[in-house]
Amino acid sequence: MPSSTENPSLSSEQRPAADALGGSDAAATVLQGAPAFSPLYQQIKTLILRSLQAGEWKPGDMIPSELDLAARYRVSQGTVRKAIDELATDNLLVRRQGKGTFVATHAEQHIQYRFLRLLPDAGDPGSQGPAERHIIECRRQRAPAEVARQLGLRSGDTVVQVRRVLGFQGTPTILEEIWLPGHSFKGLTLETLSTDKGPMYALFETQFGVRMVRAVEKVKAVAADADSAPLLGVQPGHPLLSVERLAFTYNDVPMELRRGLYRTETRHYHNELS
């Protein structure tokens, strides 16, 4: 098999990294897509991400030790540790003292609220217990043009549309309209959503093998209309916060378009910038 130094498509800075990975064609393929200045630990991070995306390690699974991964990729343990540190910062992996490193799952308490930015003015997200959920509808239909565009589908492809209301302590608080690619969520039904008691993203992981890893949101102020007002227990014209979220799985593949209307009388939208 030709070594990485015989591959003219790799830069002089990438060749040592490919050699560290065994000089394999697979390693060269990964490194060709990385910038010439990409540090070795970033390249190892890319390979670990590939394994996560391929389902080699599923949500909740323990990944191999740093020593085992270092041997696998033929790099130092410190290089592997730095790659894992970044993946943990990205909430893709979770370190557990004395136990090992695990693939993060939305079923974990501290991960459940990762994408929920509407917090109570007093207390933390879990202080009021789990949200009370009422599924209004779940149906398969052809994707509207704008939904198809955002989900990377063809106009007319099948999508699953879900509408639900989330409440806290008896008060309806969030009205959500959720659009999902039909091919990735075959078998998702109103009954499935109504009977499941865990976070929706945890259901997506366990039953459909889809893990949401990042999201982009657009936030603006709107007024409740004749459709949303009764579902949220307010009068038409009541001020609401509109949040549109596009969530992605590995490799930046869009997997969910979610449009939510939030009541904010006793809650606020919270975000940390760094």
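Guide: Two packed helices are described by the angle between their axes and the distance between the axes. Here helix α3 (residues 40-54) packs with helix α4 (residues 66-73) at an angle of about 105°, and their axes lie 12 Å apart. Axes are lines fitted to C-alpha atoms, for helices over the stretch in contact, and angles run from 0 to 180 degrees between N-to-C directions. Helices are DSSP runs (H or I, at least four residues), numbered from the N terminus.

Visitor: How is α3 oriented to α4?

Guide: The angle makes α3 roughly perpendicular to α4, a term covering 65 to 115 degrees.

Visitor: Which residues make the contact?

Guide: From α3 come I44, L47, I48 and S51, and from α4 come L69, R72 and Y73; contact means heavy atoms within 4.5 Å.

Visitor: Which residues of α3 are buried?

Guide: Buried means under 20% relative accessible area (1.4 Å probe, protein chains only). In α3 this applies to Y41, Q43, I44, K45, L47, I48, S51 and L52.

Visitor: Where does T79 lie, and what does T79 touch?

Guide: T79 belongs to helix α5 (residues 77-89) and touches L40, Y41 and I44, leaving aside residues up to four places away in sequence. T79 counts as buried because its relative accessibility is 16%.

Visitor: What should I know about the model itself?

Guide: The model is predicted: local features need pLDDT of at least 70, side-chain atom pairs count only at pLDDT 80 or more, and totals for chains, interfaces and linings use all residues. Residues are numbered from 1 along each chain as its sequence is written, and side-chain values use heavy atoms, with hydrogens and water left out.

Methods: Helices (H or I, at least four residues) and strands (E, at least two) are DSSP runs, numbered from the N terminus. Buried means under 20% relative accessible area, exposed over 50%, partly exposed in between (1.4 Å probe, protein chains only). Angles under 35 degrees count as roughly parallel, over 145 as roughly antiparallel, 65 to 115 as roughly perpendicular and the rest as oblique.
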